[in-house]
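Please have the sequence and the model open while reading.

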Amino acid sequence: MSKCVTHEGVVRAVKDGVLSVEVGRATACQSCSSRSRCTMGNGDTVMVDVPAGSGTFAPGDRVQVSLSSGVGRRAVVIAYVLPLLLLVVAVVSFVSFFRCSEIVSIIAAFAVLALYYLVIYILRHRLNHRMVVVVGQYVSGGSIR
């Protein structure tokens, strides 16, 4: 992976090919300007569910979790940008084109947003296959395999 975000973590559980990894905050997070907005900055550790892939993992294994920056940007667009655009376009459309009152337009916009999240929920398995997280296992010398 060319540009990726990596965090070191410890496998806490393995179930049905999915690893529950406890990821600790890196020392670089202490000086990061985005710390207050980052989920890694809200505590000392975060639990992440990651597909195990072809490796064999056991609870207690030290692993490195990597996510390419392009996948992160795609997740931000799906989770934040598109819903905001849908909300604004829906309100403007209902007020301008359908001549609804503001309250009705806002309720309709939230209904559109709920429909969007329902579609995302239905398509979650397809999205999971496109947003690949790579797990590497540390070997005794501290290197990743």
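How many salt bridges does the count come to? The count comes to 2 salt bridges, a salt bridge being a side-chain nitrogen of Lys or Arg within 4 Å of a carboxyl oxygen of Asp or Glu. This is a predicted model, in which local features need pLDDT of at least 70 and side-chain atom pairs count only at pLDDT 80 or more, while totals for chains, interfaces and linings use all residues. Residues are numbered from 1 along each chain as its sequence is written, and side-chain values use heavy atoms, with hydrogens and water left out.

**Salt bridges**

- Arg62 and Glu8 join through their side chains, at 3.1 Å from N to O.
- Arg62 lies in strand 4 and Glu8 in strand 1, so this pair ties together parts that are 54 residues apart in sequence.
- In the other pair, Arg12 and Glu22, the closest N and O atoms are 2.5 Å apart.
- Arg12 belongs to strand 1 and Glu22 to strand 2, so the parts tied together here are 10 residues apart in sequence.
- Arg12 is partly exposed at 46% relative accessibility, and Glu22 is partly exposed at 21% (buried means under 20% relative accessible area, exposed over 50%, partly exposed in between, with a 1.4 Å probe and protein chains only).

**Fold**

- The protein chain has 3 helices and 5 strands, taken as DSSP runs numbered from the N terminus (helices H or I, at least four residues; strands E, at least two).
- Along the sequence the pattern is β-β-β-β-α-α-α-β.
- The 5 strands make an open antiparallel sheet in the order 3-2-1-4-5, where pairing requires at least two DSSP bridges between two strands.
- Strand 3 (45-51) and strand 5 (133-137) are at the edges with a single partner strand each, so one side of each has no neighbour in the sheet.
- Strand 4 (residues 62-68) pairs with strand 5 over 5 bridges, and Val63 stands opposite Gln137 in strand 5.

**Core**

- The largest nonpolar core has 10 residues, among them Val11, Leu19, Phe57 and Val135; such a core is a set of buried Ala, Val, Leu, Ile, Met, Phe, Trp, Tyr and Cys residues joined through side-chain atoms within 4.5 Å.
- Strand 2 (18-24) and strand 4 are the elements that give two or more residues to this core, and strand 2 has the largest share, 3 residues.
- Beyond neighbours within four places in sequence, Leu19 is in contact (heavy atoms within 4.5 Å) with residues including Val11, Val50, Phe57 and Val135.
- Buried residues make up 22% of the 145 residues in the protein chain.
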